[in-house]
Amino acid sequence: MKQSVISGIRLASMCEDAGSYGMIEDAAIAIQDGKIAWVGALSELPHAFLDWERVGFEGRLATPALVDCHTHIVFGGNRAKEFEMRLEGASYEEVARAGGGIVSTVAATRAMSEDALVEDALKRLDALLAEGVSTVEIKSGYGLTIEDELKMLRAARRLATLRPVRIRTSYLAAHAVPAEYRGKEDAYIDEVVLPGMEVAHAEGLADAVDGFCEGIAFSPEQMARVFDKAKSLGLPVKLHAEQLSNLGGAKLAASYGALSADHLEYLDEEGVAAMAAAGTVAVLLPGAFYTLRETQHPPLAALRKHGVPIAVATDCNPGSSPLASLLLTINMACTLFRMTPEEALAGATREGARALGLAEEIGTIEPGKRAEIAIWDVEHPAELAYRIGFNPLHRLVSGELA
Ligand code: DI6
Ligand code: FE
């Protein structure tokens, strides 16, 4: 049995309703077998823990390890060419309709072996982990054949055997219509998306089902067919919704009890209310907003008013968000979306965990949760949001994952 007490920390527990950041000055955390046994002021540490091994951090800040709840880090190639095109005036939708965009990454991903995808994704994963991330969600969606979608999910699962990280996978075959099915979206759903989901589920490769509900991708009616199948398999759902226009995707997702609806720049109040009623987390992705030079802001005031939990994530992908820094994402959530540093940090810890259905396990520092704790060389948690391109991680303590 492994027992230790972390002390010499200022703790931002990020527990809800525990005051600003859940701060505890001069705190202690007792850890047993990778789980948090006790948290509080060091002066109140119960006798039972006094003879446990002590690890001190000289007054550094401790927070929950970060959670990146929306990424596409497994993919082939890159889209620097498209970046140039957009700088010459083409819009994201024009690039997609001209055969670029997601579909070009599909060609590169199909051409790569599982091994090669793993090796490429490790570079992006390592960048995330270097900033105190312990949990990463990874989507398929660049294979778009059953075999290639499974290949992506297997690559994603393998990453967890190569690094100390918790991976959650999402089956995203409904990400784009591949060239061979252009104009035959429903046939693509029937012949690839639905049967592929069955196999992914049977092989334990999918923790959730995702889709892209948009004019350039799938309609709400088509997504409903995908979600019906997910429901029949007992898989939770989530959705890329209201990113470029308002099709009512978030409302649809909420009607299926979705874990999250993501992007949401064009979300209306009706969609917000539906999400609030369903407990669906709003995952905001400022990296895509920034990269696409979007001007429509997600409806932060309405999300707050209705009490919708708000997560933030990198959306790390080769097209709309080539961003592998969750700290920079937190900064962008504040600067671009006007979230508070506390909201943004909660978005990359507690609410990111909630968006993955992991709220009982991680995301805050409290008894019963996994001991996944980021130790930072900063004094105040707002420093994590305020600097740009600066990584103050001192150490990640992660009992089980290490
Ligand atoms: N929305 C996005 O921002 C990414 N996927 C999606 O549905 C973009 C994916 C890409 O452009 O490769
Ligand atoms: Fe995405």
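Analyst: Four donors count as tetrahedral if all angles lie between 85 and 135 degrees; four count as square planar and six as octahedral if opposite donors are over 155 degrees apart and all others between 65 and 115; anything else is irregular. The model is predicted: local features need pLDDT of at least 70, and side-chain atom pairs count only at pLDDT 80 or more, while totals for chains, interfaces and linings use all residues. Residues are numbered from 1 along each chain as its sequence is written.

User: What makes the arrangement around the iron ion (ligand 2) irregular?

Analyst: Its 4 donor atoms subtend angles of 81 to 166 degrees, which makes the arrangement irregular.

User: Which atoms coordinate the iron ion (ligand 2)?

Analyst: His 70 (NE2), His 72 (NE2), His 240 (NE2) and Asp 315 (OD) do so at 2.1 to 2.3 Å; donors are N, O and S atoms within 2.8 Å of the metal (3.2 Å for Na, K and Ca), and water is not among the atoms, so sites may look incomplete. Along the chain their spacing is H-x1-H-x167-H-x74-D.

User: What makes Tyr 142 a polar contact of ligand 1?

Analyst: A polar contact is a pair of N or O atoms within 3.5 Å; within protein, one must be able to donate a hydrogen and the other to accept it, and residues adjacent in sequence count only if both atoms are side-chain atoms. A polar side-chain atom of Tyr 142 lies 2.6 Å from an oxygen atom of ligand 1. His 175 places a polar side-chain atom 2.8 Å from a nitrogen atom of ligand 1, and for Asp 315 the separation from a ligand oxygen is 3.2 Å.

Conventions:
Chains are lettered from A and ligands numbered from 1 in the order in which they are written. Side-chain values use heavy atoms; hydrogens and water are left out.
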